[in-house]
Amino acid sequence: MFIRRLLLLGGAFAIGLGALLIQACRLTVVQGPDLLDDAEARLLRDRWTPTVRGRVLDRKGRILAYDRPAFDVMIEYPLITGEWAYSAAAEEAREADPEQWGTLDKTQRDELIRSYLPEYERREAYLWANLAVILDIPVEDLEQRRDEIEQTVERMAEVVWNARLRQRRAELNRDREQAVEVTLADVAQPLREQTEPHAIAVGIDEETAFAVRRLAAQFDGVSLAQGGWRDYPYDSITVDIDRSTFPPPIRADAVESRTVSGVTSHVVGRMRKLFREDVETRPRINPDTGETDRGHYRHGDRVGASGVESALEGSLRGLRGHIITHRDTGKEEVIAPVPGTDARLTLDIMLQARVQAVLSPDLGLAQVQDWHATRAGLPAPLGTELNAAAVVLDVDTGEILAMVSTPTYTREQLQEDFQSINDPVAVPLVNRAVARPYMPGSIVKPLMLAGALTDGMIHLDTGIECTGHYYPEHNNRFRCWIYRPYYGNTTHHEQFGRPLLGDEAICVSCNIFFYTLGNQLGPDGVVRWYKRFGMEEPFDLGIGAEYHGNAGRKVNGDPLYIGDAMLMAIGQGPVAWTPLHAADSYATLARGGLRVTPRILADAPPRARDLHLDPESVDLAMRGLKLAANDELGTGSSIAYASGSEPIFDVPGVEVWGKTGTATAVSLLGEDPDGDGPEPRPVLRKGDHSWYVVLAGREGLQPRYAIAVIIEYGGSGGRVAGPVTEQIIYALVAEGYL
Amino acid sequence: MSDAKTLPPEHQSGPSQDGPPPAAKKATPTPDPTLRTVKRKPLTLAHAGWLVVGATLILVAIGVYCISITSGLEGGRLSGTALRQAVFACLGLAVAIVAMIPHYRRLIHYVVPLAVIVVAMLIFLLIPFVPEAIVRPRNGARRWIDIGITEFQPSEVAKVVYVLVTAAYLRYRHNHRSIRGLVGPSLIAFVPMALILVEPDLGTALLFIPALIAMLIAAGARLSHLISAGVLSLAFGTVVLVTSLVLAQQDSYPLMRPHQVERVQAVMDRFKGDDRFDHERGFQGEQATTLIGAGGIAGHPEAKSRALVYFSSLPERHNDMIFAVFANRFGMLGIVGLLAVYAAWIGGALAIAGGCKDPFGRLVCVGFAAIVATQMGVNIGMTVGLLPITGMTLPFVSYGGSSLLIGFVMVGLICNIAIRRPQYLWRRSFEFDDELAR
């Protein structure tokens, strides 16, 4: 009987053993290979070295942006917040007498810690004082930086913890009727940001890094990280400008040195911190293929935020190096990093700098001057700074040589003084040359002429009589610009004594002539020609945001009427484009109708399309452009200064074809002062945008460069944009292009 | 010690004894050539104790080896902890031999004083003003007494003494075959359990229950009683567990401590395949099962195993989690081998119980077997993820001086019982016939 009972006990034991064996078998045999992978993964430590970003070069190989090898000074978060001293003191207090420590209560422990604290506070102060000396900045700056980091991290922690709290609550209460209480303390695990070091100074050089390294030997919480620092050597350029060719009121027989900053801001762009979304766009393991992407983003990376840096992020970024350390054997497998591909631009950065200097208001050309006054008066008080944009295009290749938008910004400004950039009038972040819509105004007239002639709507010898107003019965609608009471209601017909031919109509910018063309082309025809010249078709420059243009799309979605077509034929109505569109379409005209899509990345494949313009129509339009810029009747040929009339273009050896435009603009209104009151919003800027688009070439030869200039709210095209355009031609000469 | 005179007096006069009175000896003052004198040596070398000793030595060797694996990447020499364990094993052998010398039945006289001492020590642990140099709480638990050279756990001693006390209590009784008779042994178990629970050390406290049940079964308690008691306590346990789990959702822990509830949840997570909390409450278990699984069928060479263990974040790797290290080194085949060694130990102890006629000896063997079996089962069960994690060592393998010494005391006592050859005419104890049972 006893033996039977023993057997019973033995049997129970055997059953227990069986259960253990089955589970052990499940782990080792069934899940074994997977678990072995898990365990072996811990033997490997992989380190990813940072990528080396490709350079950005201009057309002459000047380096506009590159990764300068540099270091970041990293400080552990407790050192930044100052919690370090207390916890280090606590550590020492505990170590000094562990047994006594165990017997103390909370307040006694605190007292004990405080007795050790001064030493650590002294060390902490020593650290910051030394760091300030090494980095050559005031201690206050370091303190401010620490505060910023702390605030950012605390804010982030608050957001993350609250999100976690919501998520946990939702998770727990999903299938429950009674709410489960979860507190913030349950979910407040430290964030990675609260345990990882933070960069207190970035981009320090080798020499400074050496000093920091010595300091780091004394403090565990201080370290150096390889942080490639993006440098933009041509961001600030000094150019010499000869004032002797300026308009008489600001002319001087002197060469002036001017330094312009932020030259590469718009086109080359800038870098920013990594967002979580970036990590998701390029994760370490591609979720579809399961492959490892060596270009993946990691905490601390920087990402292109605008311009080429952003648009070419994928190819500029490059691949990380990968160091896999076998922790058991100490062997290392090293995969070398692959530097990013250089981006070569078609820009000439020196020309770009010169154009930017010309557009700088303080030089005098881009501010309201007394010669800007029309009979209606000045567009804005004298001296008002005018915002502008200019594009210089190589006619032969479609390459963009310069693209300037003022005011611009510098990367430092963006980091340190964002408020200075947040200006509703200046909007420096917008690249006006490609990303802001403007009504074209009269500069579209040669395009319409060439289009209408090609379509056979008129003939080369077709004359159209300028009657002052298109509809005989309405003298205040569809008027010619010249037909105004203070002109004595004159017309171009009276001026010429006969109907105007196409080239003459461009020369004097006769609206009636082009209303007639618009009427004959009809909405479809006008829109078609706009689109053929490149509107509503992306340039895909690869420098960020672009405005693709609007050819006939009304805000309210209405269809186009014949009146819209007539307006669009003189560049008004539902139509808008950018300076790049303007330069592009004039270059197309200069090529005899071959459109080459402008490009700014040298490696971008050229895209060309023949518009099949009637060659004679092109000739006629070009003749008109030449007259407009040079003939004494031409709207863009001369400016009447107080000292007398002077031609706009007087560059020796350079021939100019061009057309002015004075485009209606919507007034720029400020914020409603009290938010909801009935009082009108203040008018910040009003008036017309001033256009001048020219083709320039050596005397007697074909035009080689297309230049488009817009001065926002500048008023008259010729008077305001004209001298600026002339100085851009001088800039081309100075850089050896003409 | 080698003749019958050293036997305690009750040997000759116990009521369970059945046979001729010693008067027979007096009746034959001179040897009668017609009578065949049966002379039998009181000690024997042919006994199942060897099985227990052999198994113990193998387990200790495995333990020392595995402890040295956990010491780091560098192999070659025994590490400090492994060496310490080996020293304790030698000491343990000496202790075991000493424990074999006096006849085990003499212990019965000392059972009550021993029990008093153990209870006193357990109470001593709980006295709040004892200096921390002697009783140092770890993680809030007061389990260890520092005696200079090492720290030891009175609860370890309590296990052994408890088995002795219960065996002594049950040896001549048969009232435990009625349900009322179960109260006495339960009360004996209750005292140390309660004291150990307060330390707190739930795992060790729960160890007393299987030992009690095994001894009761061996002593002939009715299975129907035990089963109904078992069902009752199981139901009670389930209620406690379920209530704790439900209340834990509302952050209230009236019955079990939060970490205990978490460990139960961790096991449930694993069976549900829920890996959300692998880095929180399931961490230790996850690390252990990963290491075990990584061992595969045949394990790994020592260097590889050292690396896998070293770079895993397994806590308590040389102690409670030593089985994971062993399984990683020797794989499934090793596990089978290890369990076979334990089976040999348990089987040996049960065989000794079967071969012994004396009730006290029988119950002591069964009690020790139950303790070792439960400890092994719970430890391996928690390591492989079948049971919640609780601080229980793997007997003879885990690092720990005092538990090893106590283990050797058990081995010594079992061998002590094994070497005593039972008298021919003794009645085998606990062979109740059904008449008596009713």
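Trainee: What makes strand 27 of chain A mostly covered?
Mentor: The model is predicted, and the label comes from a count. Strand 27 spans residues 705-711 of chain A, and 7 of its 7 residues are buried. A residue is buried if 20 or more other C-beta atoms lie within 10 Å of its own.

Trainee: Which residues point each way from strand 27 of chain A?
Mentor: Tyr705(A), Ile707(A), Val709(A) and Ile711(A) point one way. Ala706(A), Ala708(A) and Ile710(A) point the other way. Both sets are buried.

Trainee: How do you know that strand 15 of chain A pairs with strand 27 of chain A?
Mentor: Pairing needs at least two bridges. Strand 15, residues 388-394 of chain A, is joined to strand 27 by 7 bridges, so the two strands count as paired. They run antiparallel. Asp394(A) stands opposite Tyr705(A) of strand 27.

Trainee: What joins strand 26 of chain A to strand 27 of chain A?
Mentor: 7 bridges, with the strands running antiparallel. In one of them, Tyr692(A) has Val709(A) as its bridge partner. Strands 26 and 27 of chain A form a hairpin with 6 residues between them. Gly700(A), in the turn, has a positive phi of about 80°.

Trainee: Now the sheet with the order 5-4-6 in chain A. Why are strand 5 and strand 6 of chain A called edge strands?
Mentor: Each pairs on one side only. Neighbouring strands are turned by 25° against each other on average, direction ignored. Strand 4 and strand 6 of chain A pair over 5 bridges, and Val73(A) has Leu224(A) as its bridge partner.

Trainee: Which helix packs on that sheet?
Mentor: Helix 10 of chain A, residues 206-218. It touches strand 4, strand 5 and strand 6 of chain A. Its direction makes about 145° with that of strand 6.

Trainee: Why is Leu45(B) called exposed?
Mentor: The cut-off is 12 or fewer neighbours. Leu45(B) has 9 C-beta neighbours inside 10 Å, so Leu45(B) counts as exposed. Leu45(B) sits in the loop between helix 2 and helix 3 of chain B.

Trainee: Which element gives the most to the side of chain A that touches chain B?
Mentor: In total, 36 residues of chain A are in contact with 48 residues of chain B. Helix 1 of chain A gives the most to chain A's side, with 19 residues. By class, that side has 21 nonpolar, 8 polar and 7 charged residues.

Key: Residues numbered from 1 in each chain as written. Chains lettered and ligands numbered in written order. Predicted model: local features only at pLDDT ≥ 70, side-chain atom pairs only at ≥ 80, totals over all residues. Helix = DSSP H or I, 4+ residues; strand = E, 2+ residues; numbered from the N terminus. Contact = placed C-beta atoms within 7 Å. Nonpolar A, V, L, I, M, F, W, Y, C, P; charged D, E, K, R; others polar. Axes fitted to C-alpha atoms, helices over the stretch in contact; angles between N-to-C directions.
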